[in-house]
Amino acid sequence: MDAVAVPLSDLTQMPEPQQVYAADGTRLATYTWGDLDAPVVVIVHGFASSARDTWVLTGWTRQLTQAGYRVLALDQRGHGLSEKPHEPSAYGIRTLATDVETVMDAYLVDDAVYLGYSLGARVGWEVVRDLPQRIERAVLGGVPDGIPLARLDLDQVRALIADGTPVTDPTTQNYLALTERVPGNDLSALVALAEGMRSSRTIDPDPSNAPSRPILFATGTKDAIIEGSRALASAAPNGTFFEIPDRNHFNAPGSRAFKEAALAFLADA
């Protein structure tokens, strides 16, 4: 039978967002795809991205639903169509993890598997550790170790916002390029997020307090954080590691090899 051409617009169509309110009143945009009775996979995007950018445009939602999952996603606070507070106190890692639990509660999801990338993987480490009775296994892609967003030069970004002073730090320039790539990003909110996550000055994820559930850690071979990700996989009692071939931190979500490895791992649940 001949393949039927599907318009690109159909493959990237977003459902109408459903609003869920976090414990502090922050409005979170959430989305769901697939059969309501199917096993649930919770998917959480990275810094300066969105559910659409990380998971829909790269084909993840389509492949997950084709594999028989009900997909539940959110735009993390400060991102996408969710509310974007400008106060650093709104963005602690514990707050971001609790947001995921709140969304699961709102959708009456008692058990699920988890898929997160970058910031969404940091959050996932917390969620899987805190909710082992509800998260069977997880895929944490591009998860760095150390203090969150420590390489972002916040002073240079603040100067850019204040008076347009050009950013000269190469790493910060990369973050800004990522921010500018996704429509609707609010730079002041993302600076507040970085400040909030860095304020404790503690290592997160903490390898001495690793989740016990099975976790697949996946990071691109060209990603500067790969050795840190590998170390986290070694610290997790049931961690395994997958190198995403020929990918860096920013283009790894689009990798076919990453999707295939993740789907195979989740299918073992």
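**Aromatic cluster, cores and enclosed spaces**

Trp55 has a relative accessibility of 1% and therefore counts as buried; the term buried stands for under 20% relative accessible area, exposed for over 50%, and partly exposed for values in between, with a 1.4 Å probe and protein chains only. The model is a predicted one, in which local features need pLDDT of at least 70 and side-chain atom pairs count only at pLDDT 80 or more, while totals for chains, interfaces and linings use all residues. Residues are numbered from 1 along each chain as its sequence is written, and side-chain values use heavy atoms, with hydrogens and water left out.

A pair of aromatic rings is described by the distance of the centres and the angle of the planes. Rings of Phe, Tyr and Trp (its six-membered ring) pair if their centres lie within 6.5 Å; planes under 30 degrees apart are stacked, those over 60 are edge-to-face, and the rest are tilted. The model has 6 aromatic pairs by this rule. In one of them, the ring centres of Trp55 and Trp60 are 5.6 Å apart and the planes stand at 85°, so this pair is edge-to-face. Trp60, at 1% relative accessibility, also counts as buried. Because Trp60 belongs to helix H3 (residues 60-66) and Phe258 to helix H10 (residues 256-266), the pair ties together parts that are 198 residues apart in sequence. Helices (H or I, at least four residues) and strands (E, at least two) are DSSP runs, numbered from the N terminus. Trp55, Trp60, Tyr117 and Phe258 together form one aromatic cluster.

Another ring takes part in a contact with a charge. Here the charged end of Arg137 sits over the ring of Phe265, 4.5 Å from the ring centre; the criterion is that NZ of Lys or CZ of Arg is within 6 Å of the ring centre and within 35 degrees of the ring normal.

In soluble globular proteins, nonpolar side chains tend to be buried together. A nonpolar core is a set of buried Ala, Val, Leu, Ile, Met, Phe, Trp, Tyr and Cys residues joined through side-chain atoms within 4.5 Å. The largest such core holds 52 residues, of which Val42, Phe47, Val100, Tyr114, Val123, Leu140 and Phe217 touch the most other members. Helix H8 (residues 187-198) gives the most to this core, namely 7 residues. Beyond its neighbours within four places in sequence, Phe217 is in contact with residues including Trp125, Leu140, Val143, Leu232 and Phe241, where contact means heavy atoms within 4.5 Å.

On a 1 Å grid over the protein atoms alone, a cavity is a set of points where a 1.4 Å probe fits but cannot get out, and a pocket is an open set with protein on both sides within 12 Å along at least five of seven lines; lining residues have an atom within 4 Å of a point. Grid points are joined across faces, edges and corners, and a volume is the space filled by probe spheres set on the points.

The largest pocket contains about 720 Å³ of space. Its lining has 35 residues, and the closest to the pocket centre are Ser118, Tyr175, Leu178, His249 and Phe250. Helix H2 (51-56), helix H5 (119-130) and helix H7 (170-181) each supply at least two residues of this lining, with the largest share, 5 residues, coming from H7. Ser118 is placed in the loop between strand E5 (112-117) and H5. Ser118 counts as buried because its relative accessibility is 13%.

There is 1 cavity of 30 Å³ or more, and the largest cavity has a volume of about 60 Å³. The residues lining the largest cavity include Phe47, Tyr175, Leu187 and Val191, and H7 and H8 each supply at least two of its lining residues.

Two residues stand out in their backbone. Most residues other than glycine have a negative phi, and most peptide bonds are trans. Ser118, although not a glycine, has a positive phi of about 55°. Asp246, likewise not a glycine, has a positive phi of about 60°. Asp246 is found in the loop between strand E8 (239-244) and H10, and with 56% relative accessibility Asp246 counts as exposed.
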